[in-house]
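Here is a short note to read alongside the model. Please keep the sequence and the 3D view open.

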Amino acid sequence: MLTIDQATYDAIVAHARRDHPDEACGVVAGPIGSDRPARFIPMLNAAMSPTFYEFDSGDLFRLYKEMDERDEEPVVIYHSHTATEAYPSRTDINLAQEPGAHYVLVSTRDGADQASYDGPVEFRSYRIIDGAVTEEEVRVVAAYSNQGDN
(Lines give C-alpha, C1' and ligand atoms only; values in the text may rest on other atoms or scores of the structure.)
Protein backbone atom coordinates (compact mmCIF):
# COMPACT_ATOMS: atom_id res chain seq x y z
CA MET A 1 0.00 0.00 0.00
CA LEU A 2 1.13 3.53 -0.76
CA THR A 3 0.47 5.97 2.06
CA ILE A 4 0.89 9.55 0.88
CA ASP A 5 0.18 12.86 2.55
CA GLN A 6 -2.49 15.14 1.06
CA ALA A 7 -0.05 17.93 0.18
CA THR A 8 2.17 15.60 -1.87
CA TYR A 9 -0.85 13.99 -3.54
CA ASP A 10 -2.14 17.47 -4.46
CA ALA A 11 1.29 18.53 -5.77
CA ILE A 12 1.53 15.48 -8.06
CA VAL A 13 -1.98 16.09 -9.44
CA ALA A 14 -1.28 19.81 -9.92
CA HIS A 15 1.92 19.03 -11.83
CA ALA A 16 0.09 16.56 -14.09
CA ARG A 17 -2.61 19.14 -14.82
CA ARG A 18 -0.12 21.95 -15.37
CA ASP A 19 1.95 20.01 -17.93
CA HIS A 20 -1.08 18.66 -19.84
CA PRO A 21 -1.21 18.00 -22.81
CA ASP A 22 2.38 16.75 -22.30
CA GLU A 23 3.11 14.03 -19.80
CA ALA A 24 4.44 15.24 -16.45
CA CYS A 25 7.03 13.31 -14.46
CA GLY A 26 8.84 13.47 -11.17
CA VAL A 27 10.02 11.78 -8.01
CA VAL A 28 9.05 11.91 -4.36
CA ALA A 29 12.08 11.06 -2.26
CA GLY A 30 12.06 9.80 1.28
CA PRO A 31 14.49 8.58 3.93
CA ILE A 32 16.13 5.30 2.96
CA GLY A 33 14.09 2.35 4.18
CA SER A 34 11.16 4.47 5.36
CA ASP A 35 8.72 3.91 2.45
CA ARG A 36 7.52 7.43 3.27
CA PRO A 37 7.22 9.93 0.40
CA ALA A 38 8.57 13.14 1.88
CA ARG A 39 10.25 15.46 -0.65
CA PHE A 40 8.34 16.32 -3.84
CA ILE A 41 10.65 16.80 -6.83
CA PRO A 42 8.89 17.73 -10.08
CA MET A 43 11.08 16.99 -13.09
CA LEU A 44 11.10 18.25 -16.64
CA ASN A 45 9.81 15.82 -19.26
CA ALA A 46 12.79 16.05 -21.61
CA ALA A 47 10.72 14.39 -24.35
CA MET A 48 8.07 17.15 -24.10
CA SER A 49 5.56 14.65 -25.44
CA PRO A 50 1.88 13.84 -24.82
CA THR A 51 2.61 10.11 -25.18
CA PHE A 52 6.02 9.57 -23.58
CA TYR A 53 8.11 10.88 -20.71
CA GLU A 54 11.84 10.93 -20.27
CA PHE A 55 13.90 12.29 -17.40
CA ASP A 56 16.79 14.49 -18.53
CA SER A 57 19.91 12.40 -17.88
CA GLY A 58 21.78 15.32 -16.28
CA ASP A 59 18.85 16.19 -14.03
CA LEU A 60 18.49 12.54 -13.05
CA PHE A 61 22.20 12.23 -12.24
CA ARG A 62 22.04 15.35 -10.04
CA LEU A 63 18.88 14.07 -8.33
CA TYR A 64 20.42 10.70 -7.44
CA LYS A 65 23.59 12.42 -6.19
CA GLU A 66 21.49 14.75 -4.02
CA MET A 67 19.36 11.87 -2.69
CA ASP A 68 22.54 9.97 -1.85
CA GLU A 69 23.92 12.97 0.06
CA ARG A 70 20.64 13.29 1.98
CA ASP A 71 20.29 9.54 2.72
CA GLU A 72 17.16 9.41 0.58
CA GLU A 73 15.80 7.09 -2.07
CA PRO A 74 13.03 7.41 -4.65
CA VAL A 75 9.87 6.32 -2.82
CA VAL A 76 7.47 7.42 -5.58
CA ILE A 77 8.23 7.76 -9.27
CA TYR A 78 5.31 9.40 -11.00
CA HIS A 79 4.17 10.44 -14.43
CA SER A 80 0.94 11.25 -16.16
CA HIS A 81 -0.98 9.78 -19.05
CA THR A 82 -2.82 12.45 -20.98
CA ALA A 83 -5.13 10.38 -23.16
CA THR A 84 -5.26 6.93 -21.58
CA GLU A 85 -6.04 5.34 -18.23
CA ALA A 86 -3.59 5.43 -15.34
CA TYR A 87 -2.06 2.03 -16.09
CA PRO A 88 1.59 1.36 -16.99
CA SER A 89 2.32 1.04 -20.69
CA ARG A 90 4.76 -1.58 -21.99
CA THR A 91 7.37 1.22 -22.20
CA ASP A 92 6.66 2.24 -18.58
CA ILE A 93 7.13 -1.36 -17.47
CA ASN A 94 10.39 -1.74 -19.39
CA LEU A 95 11.77 1.50 -17.90
CA ALA A 96 10.88 0.60 -14.29
CA GLN A 97 14.27 0.06 -12.64
CA GLU A 98 13.51 0.79 -8.96
CA PRO A 99 11.98 -2.35 -7.40
CA GLY A 100 11.39 -0.59 -4.07
CA ALA A 101 9.52 2.37 -5.56
CA HIS A 102 5.82 3.01 -5.92
CA TYR A 103 5.06 3.87 -9.55
CA VAL A 104 2.24 6.41 -9.55
CA LEU A 105 0.28 7.21 -12.68
CA VAL A 106 -2.12 10.11 -12.97
CA SER A 107 -4.46 10.18 -15.93
CA THR A 108 -5.51 13.68 -16.97
CA ARG A 109 -7.56 12.49 -19.94
CA ASP A 110 -10.79 13.69 -18.32
CA GLY A 111 -9.51 16.24 -15.84
CA ALA A 112 -7.17 18.76 -17.37
CA ASP A 113 -9.62 21.39 -18.53
CA GLN A 114 -7.15 24.10 -19.49
CA ALA A 115 -9.41 26.87 -18.20
CA SER A 116 -9.94 25.54 -14.69
CA TYR A 117 -7.61 22.56 -14.11
CA ASP A 118 -10.23 21.09 -11.81
CA GLY A 119 -11.74 18.13 -13.64
CA PRO A 120 -11.42 14.58 -12.36
CA VAL A 121 -8.16 12.65 -12.53
CA GLU A 122 -7.28 9.03 -12.00
CA PHE A 123 -4.49 8.49 -9.40
CA ARG A 124 -3.20 4.92 -9.15
CA SER A 125 -0.09 3.26 -7.75
CA TYR A 126 1.78 0.13 -8.79
CA ARG A 127 4.76 -1.97 -7.86
CA ILE A 128 6.70 -3.01 -10.95
CA ILE A 129 9.28 -5.72 -10.35
CA ASP A 130 10.96 -7.68 -13.14
CA GLY A 131 8.19 -6.75 -15.56
CA ALA A 132 5.37 -7.82 -13.23
CA VAL A 133 2.82 -5.08 -12.48
CA THR A 134 0.83 -5.17 -9.24
CA GLU A 135 -1.66 -2.44 -8.43
CA GLU A 136 -1.72 -1.35 -4.81
CA GLU A 137 -4.10 0.60 -2.63
CA VAL A 138 -3.46 4.32 -2.19
CA ARG A 139 -4.18 5.83 1.21
CA VAL A 140 -4.12 9.61 1.46
CA VAL A 141 -3.52 11.01 4.96
CA ALA A 142 -3.75 14.62 6.11
CA ALA A 143 -0.23 14.39 7.51
CA TYR A 144 2.10 11.66 8.68
CA SER A 145 2.03 10.76 12.32
CA ASN A 146 4.86 9.18 14.26
CA GLN A 147 2.76 6.05 14.72
CA GLY A 148 3.82 4.48 11.42
CA ASP A 149 1.51 5.99 8.82
CA ASN A 150 3.94 4.83 6.16
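In what order do the elements of the protein run from the N terminus on?

1. The order is β-α-β-β-α-β-α-β-β-β-β. That comes to three helices and eight strands. Helices (H or I, at least four residues) and strands (E, at least two) are DSSP runs, numbered from the N terminus.

2. A word on the basis. This is a predicted model, where local features need pLDDT of at least 70, side-chain atom pairs count only at pLDDT 80 or more, and totals for chains, interfaces and linings use all residues. Residues are numbered from 1 along each chain as its sequence is written, and side-chain values use heavy atoms, with hydrogens and water left out.

3. Overall form. The C-alpha trace spans about 40 × 35 × 30 Å along its principal axes. Of the 150 residues, 43% are buried, meaning under 20% relative accessible area (1.4 Å probe, protein chains only).

4. Contacts. Take the pairs with heavy atoms within 4.5 Å whose residues are at least 6 apart in sequence: 65% of these contacts join residues at least 24 apart.

5. Helix α1. This helix covers residues 6-19.

6. T8, I12, V13, H15, A16 and R17 of α1 are buried. Their cover includes β1 (2-5), β2 (25-31), β3 (39-43), β4 (72-81), β5 (102-107) and β6 (122-129).

Note on methods: Buried < 20%, exposed > 50% of the residue type's maximum accessible area, 1.4 Å probe, protein only. Expected span 1.5 Å × (residues − 1).
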